[in-house]
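Student: Please pick one part of this model and take me through it closely. I'm happy to follow you from there to whatever comes next.

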Protein chains: 2
Amino acid sequence: MGKIVFGVDIGGTTVKLGMFDSQGTVLEKWEIPTVTEDHGSHILKDIADSVNEKRAACGYAAEDVIGVGVGAPGPVDAAGLIYGAVNLGWGDLNIAETLQPLVGVPVKAGNDANVAALGEMWKGGGRGCQDVVAVTLGTGVGGGIIVNGSLVAGFNGAGGEIGHMLVEEEETEHCNCGLCGCLEQYASATGVVRLAKRRLAQDEAASSLRSFGDALTCKDVWDAVREGDALAVEIAQRFGYYLGKGLAAVACVANPEVFVIGGGVSKAGEILFEYIEPSYQKYAFKGCRKARFQLAELGNDAGIYGAAKLVLG
Amino acid sequence: MGKIVFGVDIGGTTVKLGMFDSQGTVLEKWEIPTVTEDHGSHILKDIADSVNEKRAACGYAAEDVIGVGVGAPGPVDAAGLIYGAVNLGWGDLNIAETLQPLVGVPVKAGNDANVAALGEMWKGGGRGCQDVVAVTLGTGVGGGIIVNGSLVAGFNGAGGEIGHMLVEEEETEHCNCGLCGCLEQYASATGVVRLAKRRLAQDEAASSLRSFGDALTCKDVWDAVREGDALAVEIAQRFGYYLGKGLAAVACVANPEVFVIGGGVSKAGEILFEYIEPSYQKYAFKGCRKARFQLAELGNDAGIYGAAKLVLG
């Protein structure tokens, strides 16, 4: 039997785990609940128990394990120190140092969005590329920057926090982060709905979106775009304007080969690119205009793949 | 005798060269003219001759040389391929592959601004840091992004081209790159003068800057700021607004520990930071606000230091 590696993705309600061979073939995939009681002090212990149990059940010794990679929802620096994870009840904690003695093998940790980006580079939409910017358009906007095959963690673990890049100086509502005009306020699922509600309130223009009332979702907007609803198209253009402009700024720093777009909003599919790419091409520095746009491919598994890759290096 | 390394910084009129020990102590420093005739085809040959001659004159054999690092004025990717250098007459050229057989030792190449950033990280204003953004405020605005001690070259060698980040959507004049509203249009030496001339033309407000007429320089503006000239202070605030806002966007991607500010404009000294930092703090994501600002320390030698470091890894 060859060597194996574990990838762990810690979420607010469940922990996803994967056991991989060193080529990245998933051998086992399972979940355990995230126990956030007692300031989340059980989480790493539960992960260690689950990893050790799975390893033994599959007939592997600790020596067969290359390591355990972990993605966690908070800023994590290159040394594996997380600067608090509100959803888990954690304060500052060195994930790598805490988990290592419990599993008896090397541990590496990263921010969940960053780690998911690494997964997409390795086995998903960024396959074969070394310079990748992954963008997760979910409740918020997360980012993961990969340069020459390695993650940009950042000095305080805030590398790739592109959701909080200023893209609208006239904004008066605050982002969750406290700033105004962050990319996340327009390009997340919540942001798209917000743009739509604002536009609908602006005048009486006819739109199929009006029938949804307060229950309007991001998916409704993109469905209406696909059906040619003029007002929905306006919203899609606004979304694309902000995201394309923001990614052009990201490209001035990282100059990626490919942008991999994932998260709930990306379920709308390649129609997104019709709105993002013209804006990107308009604002991007000429040396960065060859960048391609791809949809993420690994969905919720990106985290466990990326966590495994974090260990494999 | 220990091993040595050469650092080479190719400019439009002169090539700067340095011979270093492996700890980065400069042993010899000299220049040769840049011969741009014949599409710049003599440049690498001249560099090789000069390096070989110096090595032999100092009693070193090729085996004593760890390698030759080169910084060149154009986009250079991680493999050492430069995508054209207008000032040198070069089209696409693999610097590393071309120079290597002429010197008989390993060669690495990078963009000159990026390589200078590496120099500042190693021996200058970013000493001791692994996550550094270097900003060169000269005729244009160049940048060099260092993540975990390594340069971000970018897929097309356009990593760190932060001078072409959009910071003013209302701009109608074009940047040299063809876009409008680039950071370079406000934060370079030329940009500061442009801001000043625009402001002076706006009304009849009194200012010591009026006496300079068309000959007004960036230095004149900062001298006037230091003397408390109200209009010059307004220009400094505008400069700081754009640069702080742009660097806040850079920080969302790279989350550096330190920004190292160099180039001609930085000769104004730490007074720059009084105008950059408030704007940076206003626009930066909270996880990035601990970044420090430092002046570059190596001046025109940053390139040869960084080129040497490129080889040492």
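Tutor: Helices here are DSSP runs (H or I, at least four residues) and strands are E runs of at least two, numbered from the N terminus. Residues are numbered from 1 along each chain as its sequence is written, with chains lettered from A and ligands numbered from 1 in the order in which they are written. Bear in mind that this is a predicted model, where local features need pLDDT of at least 70, side-chain atom pairs count only at pLDDT 80 or more, and totals for chains, interfaces and linings use all residues; side-chain values use heavy atoms, leaving out hydrogens and water.

Back to the helix. α10 of chain A spans residues 302-312 and is mostly covered, with 10 of its 11 residues buried. Buried means under 20% relative accessible area, exposed means over 50%, and partly exposed is in between (1.4 Å probe, protein chains only). Among the buried ones are A:I304, A:Y305, A:K309 and A:L310.

In chain B, the lysine B:K309 lies in helix α10, residues 302-312. B:K309 is buried yet has no salt bridge, and the nearest side chain of opposite charge, B:D21, sits 11 Å away. For the bookkeeping, Lys and Arg count as positive, Asp and Glu as negative, and His and the chain ends aren't counted. A salt bridge needs a side-chain nitrogen of Lys or Arg within 4 Å of a carboxyl oxygen of Asp or Glu. Leaving aside residues up to four places away in sequence, B:K309 touches B:L118, B:M121 and B:W122, where contact means heavy atoms within 4.5 Å.

Salt bridges do turn up where the chains meet: the rule finds two across the interface of chain B and chain A. One joins the side chains of A:E169 and B:K245, at 2.8 Å from N to O. On the chain B side, β9 (141-147), α8 (230-254) and α9 (273-283) each supply at least two residues that touch chain A. The largest share, eight residues, comes from α8(B). That side of chain B divides into 24 nonpolar, nine polar and nine charged residues; Ala, Val, Leu, Ile, Met, Phe, Trp, Tyr, Cys and Pro count as nonpolar, Asp, Glu, Lys and Arg as charged, and the others, Gly among them, as polar. Overall, the contact takes 42 residues from chain B and 42 residues from chain A.
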